[in-house]
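Try each task before you read its solution.

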Amino acid sequence: MAEFNAYITKARIDGADDGPLAGKTVAVKDNISTEGVETTCGSKMLEGYVPPYDATVVERLKAAGATINGKANMDEFGMGTTTETSHFGATLNPADTDRVPGGSSGGSAAAVAAGEADLALGSDTGGSVRAPAAFCGVVGIKPTYGLVSRYGLVAYANSLEQIGPIAQTVEEAAGLLDVIAGSDPRDATTVEAGDDSNYAAAADGDVEGMTIGVPEELLDGADEGVVETFWDAIEDLEAQGAEYVEVSMPSVEKAVAAYYVIAMSEASSNLARFDGTRYGLNAVEAGDYDDLSEAGNWNEAFATAREEGFGPEVKRRILLGTFALSAGYHDRYYGKAQDARAWIKQDFDESLQAADVLASPTMPVPPFELGEGLEDPRTMYLADANTVPVNLADLPAISVPAGEADGLPVGLQFIGPKYGEETIVRAASALE
Amino acid sequence: MSDGDEPAVTGEEVRNVADLARVDLNDEEVETFAEQFEAVLADFETLDEVPEIESEPDLVNVMRADEVEAGLTQEEALSNASETEDGYFKGPRVS
């Protein structure tokens with residue numbers, strides 16, 4: 001079972017006797033709270049942390065009859081594109097075990113790809129559901145912001161993230177989204193748009209008359225084999241009656257920079273809660289002291305716990321976020337990133353008036369070899385170029401297998417208008 | 001992090017930010033981060049070319065009456081704390 005290291009904790013949480021997910025096993029990403037079952041976020045900081053309550057999505061899985069069979073491995077606190085920053089070791093890609101499964105929801109995608117779970121939940125802050133879905137050859141959906149409750153999701157960057165489904169087929173992924181979508185009084189950012197959804201019914205493969213926009217900027221610099229597979233898929237859709245148009249979105253060239261400024265800034269604030277007092281690694285354990293009184297004052301004690309509890313990528317992002325928000329730099333970085341976010345939204349609005357959906361390769365590159373990117377964080381950040389614009393614009397997107405390049409899975413991403421989940425599900429189902 | 005075109009990041013600046021963020025770093029981490037931050041901050045600097053956009057925020061404040069509901073019990077709330085005393089969290093001394 002540990003062949004791919006897809007799980008941090010194996011468990012068995014039974015749901016209701018019947019429901020739409022009765023008889024289905026679901027892997028839940030380890031940043032989603034499960035009452036009584038350890039939830040680590042892939043971090044030493046939260047090793048041993050046992051939530052006293054369920055996330056709303058977990059309550060909904062149980063009510064739908066699902067059996068949760070474990071907590072899936074992930075990049076520490078969701079910060080990574082490869083699942084290699086997990087404190088509990090890297091997850092291997094079932095399609096090629098010398099390669100990473102993508103991240104940060106790599107355990108979730110690998111569990112589904114390897115058949116260790118029927119379905120999985122991930123979370124997507126800048127592509128963390130879509131990237132691993134693409135690399136592992138499965139389907140992943142990042143819902144419109146506000147469609148799915150984040151109550152019980154350990155926060156990384158609140159304004160960007162959504163919990164999303166991963167499955168072998170578009171219909172199953174859409175069906176899982178039907179279960180988890182819908183308003184929740186415990187998350188004030190949720191909307192009613194998903195309350196009585198039937199996204200699964202939209203997986204009918206009917207793209208006759210659908211207009212698919214391709215932003216040229218999202219193909220720039222992409223791997224040749226990936227681009228070839230992408231165009232083959234677009235031709236396939238044209239043969240089924242869809243129409244393809246080119247669109248231009250100059251703003252997306254600023255998306256990676258804007259995303260990292262915003263995500264890191266929010267992370268620096270959100271992760272301030274981990275000081276070892278109420279939960280998590282304590283200064284006594286971290287500093288090997290006999291007693292708390294030896295750990296120094298609270299500044300010293302917290303800094304000791306955080307040095308020991310956080311891995312390098314998490315420290316990097318907390319520090320860069322702290323810097324971007326600090327006096328003298330706030331307007332230059334954070335303020336400008338918000339302008340870029342508004343610009344990107346505007347570009348998407350215009351493009352989605354010219355087309356029903358937009359399409360791009362999910363990842364500009366095939367799955368990395370294990371260890372390839374750990375030394376140079378910036379290379380990893382740039383791999384998120386096609387996924388982060390969607391989070392900045394609060395839009396829905398799906399990654400669906402489009403074929404292979406050099407024997408490795410290639411994912412195609414469809415992006416829809418706000419609450420346009422049915423349209424992206426329909427488009428993606430035409431490629432199966 | 002000077003005002004020049006290429007932000008040069010010193011170890012002292014990394015240490016200063018780490019202090020603000022309450023994260024201790026060893027010398028090796030400081031050196032690595034200084035080098036890596038230079039490249040990342042150079043990317044951030046390109047945001048300077050972004051035009052100003054007029055936009056309306058999508059989210060508005062939603063108010064509701066404050067209703068008392070059952071929450072975690074004291075025991076549940078304390079269940080993950082490694083240091084507690086008389087039903088309270090126990091933290092390090094303030095100064």
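**Exercise 1. Find the residue opposite A:Gly140 and describe how the two strands pair.**

Step 1. A:Gly140 faces A:Ile166, which belongs to E6(A). This is a predicted model, in which local features need pLDDT of at least 70, side-chain atom pairs count only at pLDDT 80 or more, and totals for chains, interfaces and linings use all residues. Residues are numbered from 1 along each chain as its sequence is written, while chains are lettered from A and ligands numbered from 1 in the order in which they are written.

Step 2. Strand E5 (residues 139–142) and strand E6 (residues 162–167) of chain A run antiparallel and are joined by two bridges. Two strands pair if DSSP finds at least two bridges between them. Helices (H or I, at least four residues) and strands (E, at least two) are DSSP runs, numbered from the N terminus.

**Exercise 2. Work out which strands form the open sheet of chain A and in what order.**

Step 1. Reading across, the 11 strands follow the order E1-E3-E2-E4-E6-E5-E10-E11-E9-E7-E8, with mixed pairing.

Step 2. Strand E1 (7–13) and strand E8 (243–247) of chain A are the edge strands, each pairing on one side only.

Step 3. From one strand to the next, the twist averages 30°. Axes are lines fitted to C-alpha atoms, for helices over the stretch in contact, and angles run from 0 to 180 degrees between N-to-C directions.

**Exercise 3. Describe the side of chain A that touches chain B.**

Step 1. Here 49 residues of chain A are in contact with 40 residues of chain B.

Step 2. H10(A) gives the largest share of this side of chain A, nine residues.

Step 3. By class, that side has 27 nonpolar, 11 polar and 11 charged residues. Ala, Val, Leu, Ile, Met, Phe, Trp, Tyr, Cys and Pro count as nonpolar, Asp, Glu, Lys and Arg as charged, and the others, Gly among them, as polar.

How values were computed
Two residues are in contact if their C-beta atoms, placed from the backbone, lie within 7 Å.
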